[in-house]
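Biologist: Could you take me through this protein, beginning with the words I shall need?
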Amino acid sequence: MYRGCSFAYAACARKGRPRHYGRITTAVGSVLALIGLLLTSASSAGADLLPTLSAIPDSPFPDGFDRVFTALWDESAAGAGIFVIALVAVFGLSMVPNIKDAMSRMNALIVTVLGVVMLAIGAIATFGAQDDADTLEAGFAQAAAGGLIPEAFTVSISFGWYLLVAGGVLAAIGGVLQLIARSDENALSD
């Protein structure tokens, strides 16, 4: 009857408990988003020149690259705050006992919605970071054309921005998996 299934799945199915794979997915998504927030926001071979270029009066150059969280906060404090609150809530609901069972339907619905919010904020922030990187790259090109720096450097956003999006996607998928695992329950019965 359980041929081809893993031992954990077979034991869970025998006991009649819904599976908890969605909890694992949401927890992994939360951790990836947290790692993304802690990474440096961008990189460039010309990063060593930024403090010097930013010291020029009325310079549009930053003095360096911040962490993703700091860059997100500087761009939109409300967006960063909502993202962090959603991240903490998703992780917290993923760890609410009993971890071996699927989340309640209401918690799964909340996690799904928060995952979509994280995804939306992460995607918007990633596009904004890419625009900022393109602007800085154009600034390097102008500085090189004016003879301030030896060459025009490229700027690329860090993988941390993509981890924000991936964290939101995994949180939403984990919530949906938990909704499927408890499809026979009413969300308001808890």
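Modeller: A residue is called buried under 20% relative accessible area, exposed over 50%, and partly exposed in between, using a 1.4 Å probe and protein chains only. This is a predicted model, in which local features need pLDDT of at least 70 and side-chain atom pairs count only at pLDDT 80 or more, while totals for chains, interfaces and linings use all residues. Residues are numbered from 1 along each chain as its sequence is written, and side-chain values use heavy atoms, with hydrogens and water left out.

Biologist: What share of the residues count as buried?
Modeller: Of the 190 residues in the protein, 37% count as buried. The protein exposes about 10400 Å², and carbon and sulfur atoms supply 65% of that area. Accessible areas come from the Shrake-Rupley method with a 1.4 Å probe, and for residues only the protein chains shown count as cover.

Biologist: How many helices and strands are there?
Modeller: There are seven helices and two strands. Helices (H or I, at least four residues) and strands (E, at least two) are DSSP runs, numbered from the N terminus. Along the sequence the pattern is α-α-β-α-α-α-α-β-α.

Biologist: What span does helix α6 reach?
Modeller: Helix α6, residues 105-145, has 41 residues and reaches 60 Å from its first C-alpha to its last, close to the 60 Å expected at 1.5 Å a residue. The expected span is 1.5 Å times one less than the number of residues. After α6 comes G147, whose phi is positive, near 85°.

Biologist: And which residues of α2 are buried?
Modeller: The buried residues in α2 are G22, R23, T25, T26, A27, G29, S30, A33, G36 and L37. Their cover includes α4, α5 (77-94), α6 and α7. Helix α2 itself, residues 21-38, has 18 residues that should span 26 Å at 1.5 Å a residue, and its end C-alpha atoms are 26 Å apart, which agrees.

Biologist: Let us turn to α4 and α7. At what angle do their axes cross?
Modeller: The axes of α4 (residues 68-75) and α7 (residues 159-181) come within 10 Å and cross at roughly 75°. That makes α4 roughly perpendicular to α7. Axes are lines fitted to C-alpha atoms, for helices over the stretch in contact, and angles run from 0 to 180 degrees between N-to-C directions. Angles under 35 degrees count as roughly parallel, over 145 as roughly antiparallel, 65 to 115 as roughly perpendicular and the rest as oblique.

Biologist: Which residues meet there?
Modeller: V68, A71 and L72 in α4 meet G160, W161 and L164 in α7. Contact means heavy atoms within 4.5 Å.

Biologist: One last topic: where is D58 found?
Modeller: D58 is in the loop between α3 (50-54) and α4. D58 has a positive phi, near 60°, in a residue other than glycine. At 80% relative accessibility, D58 counts as exposed.
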